[in-house]
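Subject: Structure handover

Hello,

Here is the structure I said I would pass on. My notes on it come after the structure itself.

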Amino acid sequence: MSLAAPGHWIRPDVPGLLRRHWPLLPLAATVLFLLAPLPAGDATASGKVGPADAASLLLVFVCAVQALRGRVRALTPLGVLVLGAPAVGLAVATMTAGDPYAALPGFVRYLQVFVLVPAAVVLLVQGAAEFRLAAGCFVVLALVQGAVGVVQYATHTGASYQGEDIRAVGTFGPGDVMGMATVVAYGLIVATAAGLAPGLPRRVRRIAGGCALALVLPLVLSFSRGAWIATFGAAVLVMALAGIRRALKVVAALAAAGVVLVGGFGVGSEMVVERLTSITQVSSAPDQSVTDRYTMWAAAESMWRERPAVGVGLKGFPANRDGHASLGLSSGSDTAGAGQAYLRQPLLSPHNMYLLILSEQGLIGLVALVGGWAALLVAGLRRLGSGGGVGAGARDCGLVAIGLFVWQLTDFLYADIGGPSTVLTGVIIGLAAWWALPSRGVAGPLRGAAAGPGFASGAVPLRGAAAGPGFASGAGSRGRAPGVAARP
């Protein structure tokens, strides 16, 4: 990089940054390729490999190459156990399925999302700067998809909702109404964590806070009750972990934004109120979607009782659904709008990830997957509470990791994997594991995490290179800008 006069920024060496961090390009592509519009059609059809899925496969391949070259993080035995145990449960569920051949696509999908992609993220993300690069991609994705969703609501070109084409679904289409809500919620949590994190520059915190406020609108216009609940819970936890004082400021800003949007401009006010009210009517006057969900939950529990140890096998829920569900289950859900004609989508999962695992993989699969997630959550919270030995300069990474992970675990209570955005679940588990599982032989993954200019401050001594301002603070042997600390 070139040096500027004292008091001025150092011009970043962009080609040098790309060369040093090229293994993370597939990770960024895995997130950002979800910006590509997908052709309209039946979202339930299996066997579809989207651009983001292809990028995730490239990510795994690059990780394998880097591992052979000895350029990945070293995992502790605990890390190997947590990341590898799900593969055992998946293999057992596949081999014991009634039709192992039919279960094989499910095995590949689960292995991608819950084993290979998380492991690749943990091994390739070597420092706080690279973590922040991945987190920043979530915000970019959320802002673009959210903007598309707002336009859909304003121009009545969204998915059909209560007889009007106003539901914000972004580029995911009406066949995946949760897609936009999910990625917008991810970006909102990342932006909230960055806006509250100590150690980041004030300008970065303000920009992050503005992004979080901007993402509230498309999240509301998604009319997704599940995304609202998960976002509220994760945001409250992030604010509590960041400090009560900072949390009160965010709550006040969000309340003001809600009053202005819904109360002042009347943005979907009646529909939002109706949707919020329906959350509390799950037992007294549930709508058909809630009735279907409870019916499928009961069917999943019945399947598990039939085969408690290994379940009915991967991809076995649809085949066994009618034999265990009551007559209250409808034939499917109606989808239309956003460039797609009316289509009846069949109900092929219980819309609860934990019950889906229990019914298809039994107790073996549940312990392997959910037990690992619980271990990551506890370890991550302990590391964040103790500071991880890295000080406030890298605390934002912990807030982002915990916030995203808690959102995902909460969302799994009333949703499961499916659709193009599923691959991001693997990235989030990987980021949570990166934070919770320190690399063997070092104090943690956040070496040299002093705050500096730019969101991705805090570089690590990776591949013998120094990063410039705007990406990672801490110059190398060729000099540094005044006021920027050298890397230890």
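What follows is a list of findings, grouped by region.

Please keep in mind that this is a predicted model. The protein chain has 488 residues, of which 52% count as buried. It holds 16 helices and four strands. Among contacts with a separation of 6 or more, 75% are between residues 24 or more positions apart.

Helix α6 and its two partners

Helix α6 covers residues 128-155, and I looked at how it packs against α7 and α8. Two packed helices are described by the angle between their axes and the distance between the axes.

With helix α7 (residues 177-196), the angle is about 130 degrees and the axes are 8 Å apart. That angle falls between the perpendicular range, which ends at 115, and the antiparallel one, which starts over 145, so α6 and α7 are oblique to each other. The crossing of α6 past α7 is left-handed. On the α6 side, the residues that meet α7 are Ala135, Phe138, Val139, Leu141, Ala142, Gln145, Gly146 and Gly149. On the α7 side they are Met180, Val183, Val184, Tyr186, Gly187, Val190 and Ala191. Sorted by class, this contact has 11 nonpolar and four polar residues, and no charged ones.

With helix α8 (residues 202-221), the axes come within 9 Å and cross at roughly 45 degrees. This pair is therefore oblique as well: α6 and α8 are classed that way. Here too α6 passes its partner, α8, in a left-handed crossing. The contact is made by Val139, Ala142, Leu143, Gly146, Val150 and Tyr153 from α6, and by Cys211, Leu215, Leu217, Pro218 and Leu221 from α8. By class there are 10 nonpolar residues, one polar and no charged ones.

Two loop residues with positive phi

His156 is in the loop between α6 and β1 (159-161). Its phi is near 55 degrees, a positive value in a residue other than glycine. Phe223 has phi near 55 degrees too, again positive and again not in a glycine. Phe223 belongs to the loop between α8 and α9 (225-242). Are these two residues buried or exposed? His156 has a relative accessibility of 44%, so it counts as partly exposed. Phe223 is at 0% and therefore counts as buried.

Aromatic pairs

The count of aromatic pairs comes to 10. One of them is Phe114 with Trp373, a tilted pair with 5.6 Å centre to centre and 45 degrees between the planes. This pair links distant parts of the chain, 259 residues apart: Phe114 is in helix α5 (residues 100-124) and Trp373 in helix α14 (residues 353-386). Both Phe114 and Trp373 are buried.

Tyr294 and Trp297 make another tilted pair, at 5.4 Å centre to centre with 50 degrees between the planes. They are three residues apart in helix α12 (residues 288-306), so about one helical turn separates them. Tyr294 is partly exposed, with a relative accessible area of 39%. Trp297 also counts as partly exposed, at 24% relative accessibility.

One aromatic cluster is formed by Tyr110, Phe114, Tyr354, Trp373 and Phe412.

Thr425 is found in helix α16 (residues 422-436). At 4% relative accessibility, it counts as buried. Which residues is Thr425 in contact with, leaving aside its neighbours within four places in sequence? They are Val113, Phe114, Tyr186, Gln408 and Phe412.

Met303

Met303 is in helix α12, the helix that also holds Tyr294 and Trp297. Its relative accessibility is 0%, so Met303 counts as buried. Beyond its neighbours within four places in sequence, Met303 is in contact with Val312, Phe317, Asn320, Arg321, His324 and Ser359. The C-alpha atoms of Met303 and Leu358 are separated by 8.5 Å, while the two residues are 55 apart along the chain.

Regards

Notes: Residues are numbered from 1 along each chain as its sequence is written. This is a predicted model: local features need pLDDT of at least 70, side-chain atom pairs count only at pLDDT 80 or more; totals for chains, interfaces and linings use all residues. Side-chain values use heavy atoms; hydrogens and water are left out. Axes are lines fitted to C-alpha atoms, for helices over the stretch in contact, and angles run from 0 to 180 degrees between N-to-C directions. Angles under 35 degrees count as roughly parallel, over 145 as roughly antiparallel, 65 to 115 as roughly perpendicular and the rest as oblique. A crossing is left-handed if the near helix is turned anticlockwise from the far one by less than a right angle, and right-handed if clockwise. Contact means heavy atoms within 4.5 Å. Ala, Val, Leu, Ile, Met, Phe, Trp, Tyr, Cys and Pro count as nonpolar, Asp, Glu, Lys and Arg as charged, and the others, Gly among them, as polar. Rings of Phe, Tyr and Trp (its six-membered ring) pair if their centres lie within 6.5 Å; planes under 30 degrees apart count as stacked, over 60 as edge-to-face and the rest as tilted. Buried means under 20% relative accessible area, exposed over 50%, partly exposed in between (1.4 Å probe, protein chains only).
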